[in-house]
Amino acid sequence: MRIGEIAALVGVTSRTVRHYHHIGLLPEPRRRANGYRVYTLRDAVLLARIRRLTELGLSLDEVRDVLADDAGRELAEVLGELDTDLARQEHEIQQRRKVLAALLDGPLTPDAPLSPALIELLKVAPATSSPTAAKDREHLMLLEGMIGGDAVYTALRPLAEDPAVLPLYERLDELEGAAADDPRIAPLAEELSAAVPDEVLAAIPDGGPTATGFEQALLDDYSPAQAAVVRRVMEQLTGRLGRRAS
C-alpha cells in the first residue's frame with residue numbers, strides 16, 4: 001500500500017501519517033526503487049492503534065509509552081489516568097452548568113455575579129442606599145474569582161441578613177470627609193471586625209484571597225478615614241485567621 005491508501009484505510013490523512021513518521025511514532029516503511037513508501041498490513045494495524053488511542057484522549061507522548069516495547073507504561077495505567085482526568089472534566093462541566101442554570105433563572109445583566117452562592121447572598125441582603133455597602137457588594141463580586149469557592153459566600157449569609165449591619169455601613173458613610181485620625185475609626189473597626197462570624201474565616205482557603213496590589217487597590221477605593229477603618233478590620237481579621245491556624 002502507498003501512503004494515500006493506508007491513510008484512507010485507517011481513516012486519517014496522508015499528512016497525519018507523515019507527521020507520525022516525523023516524530024518517530026510510526027516507523028518508516030521500506031521504500032521502492034522509485035522512492036515511494038510501501039506499507040504492510042502490520043503498518044496499518046499499528047496506525048489504526050495510534051488513531052484509536054488518540055481518539056480516547058491520549059497525548060502522542062502517552063501513545064508512544066503504550067506502544068513502546070520496553071520501559072513503557074502499561075495501557076491500563078495510562079487509561080486509568082485518562083479516566084480520572086475525564087471524571088475531573090465531567091465534574092467541572094457539571095459545575096459550569098449549575099452556574100449557567102442559576103444565571104438563566106435570574107435577571108441577566110452584564111455586571112451580574114457568576115457564582116450561584118453569591119447570587120443567593122445578594123438576594124437576601126437588605127436594600128440600602130449606603131455607598132459603602134454598595135462598594136462592599138462590588139468587592140464581593142471582585143473576590144468571586146479569588147476566594148476559590150462558594151463556601152465563603154454561604155458563610156456570609158447570616159451576616160448579610162443581620163439588620164444590625166446596616167447602621168455600621170451608615171457610620172462608615174459618615175467618615176467620607178473625615179480625617180485619617182478621626183476618633184470614630186477605632187471603635188467602628190472593632191465592631192465591624194466582631195460582626196464577621198468565625199465561620200466566614202474558616203471558609204477562607206489558606207493564603208487567600210491574595211493578589212499583588214489587591215489590598216492597596218481596595219484601600220484606595222475609600223476616603224482616608226474609611227480606608228483607616230477597612231485597614232484595621234483587615235488587620236484584625238488577619239489576626240483572627242492566624243490564631244485559628246495556630
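In helix α2 of this predicted model, V17, Y20 and H21 are buried (under 20% relative accessible area, with exposed meaning over 50%, for a 1.4 Å probe and protein chains only). These residues span an arc of only 105° around the axis, so they sit on the same side of α2; the arc is taken from the directions from the helix axis to the C-beta atoms. The face turned away from that buried side carries the exposed residues R15 and H22. The cover over the buried residues includes α1, α3 and α4. Just after α2 comes G24, with a positive phi of about 80°.

As for neighbours, α1 (residues 3-10) packs against α2 (residues 14-22) at about 105°, with the axes 8 Å apart. The pair is therefore roughly perpendicular, a label that covers 65 to 115 degrees. I3, G4 and A7 of α1 make the contact with S14, V17 and R18 of α2, where contact means heavy atoms within 4.5 Å. By class, these residues are 3 nonpolar, 2 polar and 1 charged.

Then there is the other pair, α3 (residues 41-55) and α4 (residues 60-67), whose axes come within 10 Å and cross at roughly 130°. On the α3 side, L46, R49, I50, L53 and T54 meet L60, V63, V66 and L67 of α4. This contact has 7 nonpolar, 1 polar and 1 charged residues.

Residues are numbered from 1 along each chain as its sequence is written, and side-chain values use heavy atoms, without hydrogens or water. Local features need pLDDT of at least 70 and side-chain atom pairs 80 or more, while totals for chains, interfaces and linings use all residues.

Definitions and conventions:
Axes are lines fitted to C-alpha atoms, for helices over the stretch in contact, and angles run from 0 to 180 degrees between N-to-C directions. Helices (H or I, at least four residues) and strands (E, at least two) are DSSP runs, numbered from the N terminus. Ala, Val, Leu, Ile, Met, Phe, Trp, Tyr, Cys and Pro count as nonpolar, Asp, Glu, Lys and Arg as charged, and the others, Gly among them, as polar. Angles under 35 degrees count as roughly parallel, over 145 as roughly antiparallel, 65 to 115 as roughly perpendicular and the rest as oblique.
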